[in-house]
Amino acid sequence: MIRSLWALAVGAAIFGAFVAPASANPAELATCAACHDLSPAKKQVVGSPLFAIYGKKPGIEGTGFAKWDKASLDKWLKSPSAVKPGTSMMFMVKNDAQRAKIIEALAELK
Ligand code: HEC
């Protein structure tokens with residue numbers, strides 16, 4: 001029993017190691033995935049779906065942005081509450097370089 005569980009765990013780990021890179025979310029967006037669906041299924045989770053939002057009108061109200069692009073996403077991710085007081089996105093990316101990578105990954109997410 002214990003032995004087969006162990007085999008199962010190892011099997012799952014090996015399977016995961018091979019499968020994950022192709023199917024997983026981009027590493028830059030791993031923290032976002034805790035609250036956002038990144039897949040084409042576009043599910044509403046804690047936050048709204050992030051698939052193919054780049055270049056589009058914000059799906060949420062109150063940002064004042066016409067579309068999500070480099071500049072607007074940079075402001076949003078730096079401080080969502082500075083853009084939209086009272087927003088429910090309780091998360092920010094303070095590091096400039098990290099924000100730039102995240103925005104690149106969002107632009108590719110389509
Ligand atoms: C703790 C949960 C949480 C995390 C982590 C989080 N978000 Fe959000 N996000 C939200 C919520 C909630 C909203 C909706 C905010 C509102 O309506 O005011 C939101 C909204 C957004 C929007 C607006 C979407 C639209 O439809 O216009 C973008 C863009 C966004 N988040 C990007 C990100 C990115 C990129 C990350 C990762 C770096 C991230 N979020 C991490 C909770 C989160």
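## Fold and contacts

Two residues are in contact here if their C-beta atoms, placed from the backbone, lie within 7 Å. Among contacts in the protein chain between residues at least 6 apart in sequence, 29% link residues at least 24 apart. The model is a predicted one: local features need pLDDT of at least 70, side-chain atom pairs count only at pLDDT 80 or more, and totals for chains, interfaces and linings use all residues. Residues are numbered from 1 along each chain as its sequence is written.

The protein chain has four helices and zero strands, giving the pattern α-α-α-α along the sequence. Helices (H or I, at least four residues) and strands (E, at least two) are DSSP runs, numbered from the N terminus.

## Confidence

Let's look at how far the model can be read. The pLDDT, the predictor's confidence in each residue from 0 to 100, averages 87 over the protein chain, and 78% of the residues score at least 70. Over residues 16-23, however, the pLDDT is below 50, and this stretch has zero contacts in the model beyond near neighbours in sequence. Where pLDDT is low, the predicted coordinates should not be read in detail.

A residue is buried if 20 or more other C-beta atoms lie within 10 Å of its own, exposed if 12 or fewer, and partly exposed in between, with C-beta atoms placed from the backbone. Of the 110 residues of the protein chain, 14% count as buried. A nonpolar core is a set of buried Ala, Val, Leu, Ile, Met, Phe, Trp, Tyr and Cys residues joined through C-beta atoms within 7 Å. The largest such core has twelve residues, among them Cys-32, Ile-53, Trp-68 and Leu-106. Helix 2 and helix 4 each supply at least two residues of this core. Leaving aside neighbours within four places in sequence, Ile-53 touches Gly-59, Trp-68 and Leu-106 by the contact criterion.

In helix 2, the buried residues are Leu-73, Trp-76 and Leu-77. They lie on the same side of helix 2 because they cover an arc of only 90 degrees around the axis, taken from the directions from the helix axis to the C-beta atoms. These buried residues of helix 2 pack against helix 3 (80-83) and helix 4.

## The ligand shell

Now for the ligand. A residue is near a molecule if its C-beta atom, placed from the backbone, lies within 6 Å of it. Of the 25 residues around the ligand, Cys-32, Cys-35, Gly-47, Gly-59 and Met-89 come nearest. The shell divides into 17 nonpolar, seven polar and one charged; Ala, Val, Leu, Ile, Met, Phe, Trp, Tyr, Cys and Pro count as nonpolar, Asp, Glu, Lys and Arg as charged, and the others, Gly among them, as polar. Helix 2 (70-78) and helix 4 (96-108) each contribute at least two residues to the shell.

## The loop between helix 1 and helix 2

Pro-58 sits in the loop between helix 1 (2-23) and helix 2. It counts as partly exposed because it has 19 C-beta neighbours inside 10 Å. From Pro-58 to Trp-68 the C-alpha to C-alpha distance is 6.2 Å, and the two are ten residues apart in sequence.

Most residues other than glycine have a negative phi. In this loop, where Lys-42 is also placed, phi of Lys-42 is near 50 degrees, a positive value. Ala-52, in the loop between helix 1 and helix 2, has a positive phi near 55 degrees. Lys-42 counts as partly exposed, with 14 C-beta neighbours inside 10 Å, and Ala-52 is partly exposed with 14 other C-beta atoms within 10 Å.
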